[in-house]
Amino acid sequence: MNSYVPDTTYDEMFDSSGQARPHYAPLKEFFDELGADELKHRRRAADLSFLHQGVTFTVYGHEDSTEKVFPYDIIPRILTAREWAPIESGLCQRITALNLFLQDIYSKARIINDGVLPSHLVLSCRHYLRQMRGVKVPGGVYVSIVGTDLVRDEQGQFFVLEDNLRVPSGVSYMLANRKVMKETFPSLFSRYQVRSVASYGQALLKTLRSLSDLNHAEPTVVVLTPGIYNSAYYEHALLAREMGVTLVEGRDLLVHDSIVYMRTTSGLKRVDVIYRRLDDDFLDPVAFRPDSSLGVPGLFNAYRQGKVTLANAIGTGVADDKALYAYVPQIIRYYLGEDPILPNVETYILTNDAQRQHVLQNLDKLVVKAVGESGGYGMLIGPHSTKKEQDEMAEAIKKEPRNFIAQPTLDLSQAPCHLGRGLEPRRVDLRPYVLYGEKIRIVPGGLTRVALKEGSLVVNSSQGGGSKDTWVLAEDEQ
Amino acid sequence: MSSSTMLSRVADHLYWIGRYLERAEHTARVLNVQSHSALEESPERRRRQVCDVLSALRQPELNLTDMNEAAYRLALDPDNHSSVRSCIRNARENARHVRERISSEMWEQINKVHLHVGGAETNSLFQNRPQQFYQEVQVGIHLINGLTDSTISRDQAWLFVQVGRWLERAGLLVTLFETYLQNAEQKSYLDWLGLLKCCTAFEAFRKKLGVELNSLKIVDFLILNERFPHALHFSIMQLRKSLDELAAETENRKARELHRLVAKMHHDLEYQRPDEIAGTNLLLYFDRFRRDLQTVHALVYRLYISWEVEF
């Protein structure tokens, strides 16, 4: 642990004087005692455990081996109870407000009529689906599964970077990381009181069941996957197994008389709730993209008539649009009359002339993101970009200002990682998972994503990111 | 709810897990026995032996004369869809589709065997110590089967694996017997010994029928014995049991035809005498048997997997 030198950004483990923070002290002590050789040994065992479990994801565009073990780091990231409490309440507040917003925007649109939000911003959003206007969504729950991306600034303050309200992924890695860490460092766990994440499957099932409009005591819940070639297939299968429900593909389902059925060995069986891991566009070739072979013809019609529940609802992408994100603090104040507990990152809206001018003059300092993309695609990181890339981005912004937003380059916090040459600092974010049904459930933990490339600020798995087990402590020491 | 509901697509994958694993284990076992015994044979007999192995494993079209080459093509050749390596890859691919329906223990063991057999080091192990390779494959698959039996509820998931397994075993045995029971009068003691060993039956046979080997005794044991797991009678009995339980479990009212066919096959094996079978045209006998097995497969598909929707 001696080779590790923290730099100027916020370090999860060490304070500015180079001392381990109190909640990391037992961990530091543990790894110092363990020694480099034993650590390598444990790492190999953990590698094998991931490989044998088949904890893999698919990389698009690789012909030789499409399945890769998800890169991970074996040093856990630790959050104290005091750090966790505002995250938990901030996330509850945010999901509540965003659900009220979606309900409003697809019915009376009061927030627009009251002048809080410009109507063009909503109507120009690619994920705003007119077909959803006036559709009655059970319980008014549009978003029941969220994975919110949080980052920390130099002072260690948490910010919301992104709300993922469509089909957020990664929760399986939270579960897999924990399982492997418990096998790899059992004695480290005994030095802490780490809160369990094992109840996620139960919590998810309860949430999904609560969404059903029917009077059944036990509505039939299924997980809808695009299939084994999808990059998150491992996760879809794991969630179905954790919940003990059937994992279906589009071709297993059919709609007759607005009822959704699955084809089983005992004939057709009705489906009540679908946790769909398929984007809106692909759900139903009749209502949306006609070339989708992954979806179910007639599903939207059944949904609109209330004969089946989808989680998340259709059209939720409008609320995690990167330009709309800038308005979430206003959205929270408008619907809840409260100040946001978790602050937003400052965001420039490029359809605003003054803000656009400022951004165009400072492209070398800012981060520009395409509003419709996710996974770190279509992104310009000013300080790490060439003049040519900046010029190209400037052209693109002038052409379609609505397609982009800009933010200051955030110096994400860093955490120590074991990458084969001792400990080295790497940038991290945090994605906790929130469930919203008849009540809100947050499993204490989440996915800590790591930018494994030295100096990199991009944590997405499709861009060379990995993950860490994330520990939320039951109570603070002292 | 999920224990009584099973997607037709999932049933299909489970069925093929059972079939591919059985095929892989059988191929490894036969190759292990035959390549070992070929070591002490004359070149001419060795060539004939290669020919027999190829037809016993349903690959006569490979048309090879060298045992080492044949063994490689049947064990490791990734381009041969029936090689041990391909069968295990296919079993694992099917398992990947139904991960949420099989136990983690079962999945991890299938994955381990796949990673082992698919790995590059395996080629040199196979070249230097082929017997160890075969044994590792066999033990690996037995472990999968053991974990399947001890970690899965006896519901549809387990039953579909069993149907695949026993149907495949019966089919493989029929082809094996067809090859080695032809021209029975020309067979030597070593031939019979090899056949018994291919079915891991030598010790069990000796306990029941003594040391003398002839075609009648072989028929009596490998076809008609109802207690030995690699006998045809036993395989069909297990197949019948699994199919009947499946019909009850799914409450499928159209399963009568399938039940009748398999029950009839079972009864034939139950009441026939060895000399009745040995006295008939064995080629015709096995040919009919194989066609019955194909019908069983088609009916399983029509009942449970690719059935027509009626409203």
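Because the model is predicted, local features need pLDDT of at least 70 and side-chain atom pairs count only at pLDDT 80 or more, whereas totals for chains, interfaces and linings use all residues. Residues are numbered from 1 along each chain as its sequence is written, and chains are lettered from A and ligands numbered from 1 in the order in which they are written.

Chain A is assigned domain 1, covering 22-345 + 410-472, and domain 2, covering 346-409, with bounds that come from an automatic or database domain assignment. Taken over C-alpha atoms, the centres of domain 1 and domain 2 of chain A are separated by 26 Å. Where these domains touch, 15 residues of domain 1 of chain A are in contact with 14 residues of domain 2 of chain A, a contact being a pair of residues whose C-beta atoms, placed from the backbone, lie within 7 Å. The side of domain 1 of chain A that touches domain 2 of chain A holds seven nonpolar, five polar and three charged residues; here Ala, Val, Leu, Ile, Met, Phe, Trp, Tyr, Cys and Pro count as nonpolar, Asp, Glu, Lys and Arg as charged, and the others, Gly among them, as polar.

Chain A also has an open sheet of three strands, in the order S3-S22-S21 and with mixed pairing. Strands (E, at least two residues) and helices (H or I, at least four) are DSSP runs numbered from the N terminus, and two strands pair if DSSP finds at least two bridges between them. The edge strands of chain A's sheet, each pairing on one side only, are S3 (72-79) and S21 (448-451), and the twist from one strand to the next averages 35 degrees. Angles such as this run from 0 to 180 degrees between N-to-C directions, and axes are lines fitted to C-alpha atoms, for helices over the stretch in contact.

S3(A) and S22(A) run parallel and are joined by five bridges, and A:Asp73 stands opposite A:Lys468 in S22(A). S21(A), by contrast, pairs with S22(A) (residues 465-472) in the antiparallel sense over four bridges. In that pairing A:Arg449 stands opposite A:Ser467, while A:Val450 has A:Gly466 as its bridge partner. How many of the residues of S22(A) are buried? Eight of its eight residues are buried, and S22(A) is mostly covered; a residue is buried if 20 or more other C-beta atoms lie within 10 Å of its own, exposed if 12 or fewer, and partly exposed in between, with C-beta atoms placed from the backbone.

Turning to helices, H6(A) (residues 171-184) and H9(A) (residues 233-243) pack at an angle of about 75 degrees, with their axes 9 Å apart. These two helices are therefore roughly perpendicular to each other, since angles of 65 to 115 degrees count as roughly perpendicular, those under 35 as roughly parallel, those over 145 as roughly antiparallel and the rest as oblique. H6(A) contributes A:Val171, A:Ser172 and A:Leu175 to the contact, and H9(A) contributes A:Tyr234, A:Glu235, A:Leu238 and A:Leu239. By class, the residues of this contact divide into five nonpolar, one polar and one charged.

The contact of the two chains takes 24 residues from chain B and 25 residues from chain A. On the side of chain B, helix H1 (8-37), helix H4 (84-97) and helix H5 (104-118) each supply at least two residues, and the largest share, five residues, comes from H5(B). The residues of chain B that touch chain A divide into nine nonpolar, eight polar and seven charged.

Some single residues complete the picture. The peptide bond from A:Ala311 to A:Asn312 is cis, with omega near -10 degrees, and A:Asn312 lies in the loop between strand S12 (309-311) and helix H12 (328-336) of chain A. A:Ala109 is not a glycine, yet has a positive phi of about 55 degrees; its place is the loop between helix H3 (81-105) and helix H4 (110-113) of chain A. Why does A:Ala109 count as partly exposed? A:Ala109 does so because it has 15 C-beta neighbours inside 10 Å.
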